[in-house]
Amino acid sequence: MPKSENQKQKLLYLLKFFYEETDEEHTLTVNQMIDKLEQNGISAARRSIYDDIRTLQDFGIDIVMRKSKTCEYFLSSRIFETPELKILIDSIQSSRFITKKKSESIIKRLKQLASKPQSRKFSGQIYIYDRIKSMNECILYNVDTLHNAIAENRKVTFRYFDYNIKREKVFRKNGELYSANPLALTFDNENYYLIVYNEKYEDYVHYRVDKMTNIEISTEKRIVPDEKFNAAEYVKPMFFMFDGEVERITALFHISYLNVIIDRFGDNVILRETEDEECFQVTFKAAVSPTFLSWIIGFGAGALILSPQWVADEVKNLALEAAEMYEDNI
């Protein structure tokens, strides 16, 4: 059989067919491969197909033969298995720090890692686009730039903003550039945060990455404290990344909230039984901020701060202020 002009592409086309069209539920016979090659202007003999499959297998491509009425072939393993791709797609869909546009782009590329039949199954899933998404299209590039700055041991400069009632950006410090010593990136409460070392106050602060813009890597080397920084320890006592004075807190909770406490603190909590079987005592460290106080109030009569007393007083005062506000407006 005479060889066609684009015969050199035959092996590449075969590899393409295996990746795009086969999996454990969808196979190709040698005759089907020959037909598909002919549709792309490539002639092939059966024996050459067998040789090409062996070449791909020798190279490490996991092509499996299954015998039925005839010999059928399929790609058995991929970079990601189908359940892993589903988890990744679900994570992208539900992530609030990735914009809708970028989510669609990433998911489209992730689907290409599966066969076309598998990819069509993904399309039938419910997309969680009605949940809040970031409005900052540059966030993924911001994360990459910040990772590079940390790796290169450099400072970064950026502008930091909030949104007003019209969803317009309002820059802090009148739009002046911030200069910071980046230490680590952390993910908490569905947002990315950059933790930096403030040399002026010799302390750590953090910024939400989706509210940073005009990020540039400086030529200046970053200044870092002598001690080894532990991002996990920095974030652990905070509630929704709000800073405050870290205290060792002891409280009583109704037994129905036991799993809530374990989910929130994991192993970083001391649990004790009480004489009242409907309650348990818990001791943990937390940054006492308005968000923490509100978190405690959210349990209503199901939580009681035992110590320190000043934290208990703060919870009481906040609850009274809220009650008075409602009384004045009803």
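Predicted model: local features only at pLDDT ≥ 70, side-chain atom pairs only at ≥ 80, totals over all residues.
Helix α1, formed by residues 10-21, packs against helix α3, formed by residues 46-59, at an angle of about 70°. The axes of these two helices are 10 Å apart. An angle of 65 to 115 degrees counts as roughly perpendicular, and α1 is therefore roughly perpendicular to α3. On the side of α1, the contact involves Lys10, Leu11, Leu14, Leu15 and Phe18. Their counterparts in α3 are Ser48, Ile49, Asp52, Ile53, Thr55 and Leu56. Sorted by class, the contact of α1 with α3 contains 7 nonpolar, 2 polar and 2 charged residues.

Side chains of opposite charge can pair when their charged atoms come close. In the model, the count comes to 10 salt bridges. One of the pairs is formed by the side chains of aspartate 52 and lysine 10, with an N to O distance of 2.2 Å. This pair links distant parts of the chain, since aspartate 52 belongs to helix α3 and lysine 10 to helix α1, 42 residues apart. Aspartate 52 and lysine 10 are both buried.

Lysine 116 counts as partly exposed because its relative accessibility is 43%. Glutamate 20, with a relative accessible area of 23%, is likewise partly exposed.

A further salt bridge joins arginine 172 to aspartate 162, the closest N and O atoms being 2.8 Å apart. Arginine 172 is located in the loop between β5 (169-171) and β6 (178-188), whereas aspartate 162 is located in strand β4 (residues 154-163). The pair therefore ties together parts that are 10 residues apart in sequence. Arginine 172 has a relative accessible area of 38% and is partly exposed. Aspartate 162 also counts as partly exposed, at 23% relative accessibility. Elsewhere, salt bridges that share partners connect Lys16, Glu20 and Lys116 into one network.

Notes
Residues numbered from 1 in each chain as written. Heavy atoms only, no water. Axes fitted to C-alpha atoms, helices over the stretch in contact; angles between N-to-C directions. Helix = DSSP H or I, 4+ residues; strand = E, 2+ residues; numbered from the N terminus. Parallel < 35°, antiparallel > 145°, perpendicular 65-115°, else oblique. Contact = heavy atoms within 4.5 Å. Nonpolar A, V, L, I, M, F, W, Y, C, P; charged D, E, K, R; others polar. Salt bridge = Lys/Arg side-chain N within 4 Å of Asp/Glu carboxyl O. Buried < 20%, exposed > 50% of the residue type's maximum accessible area, 1.4 Å probe, protein only.
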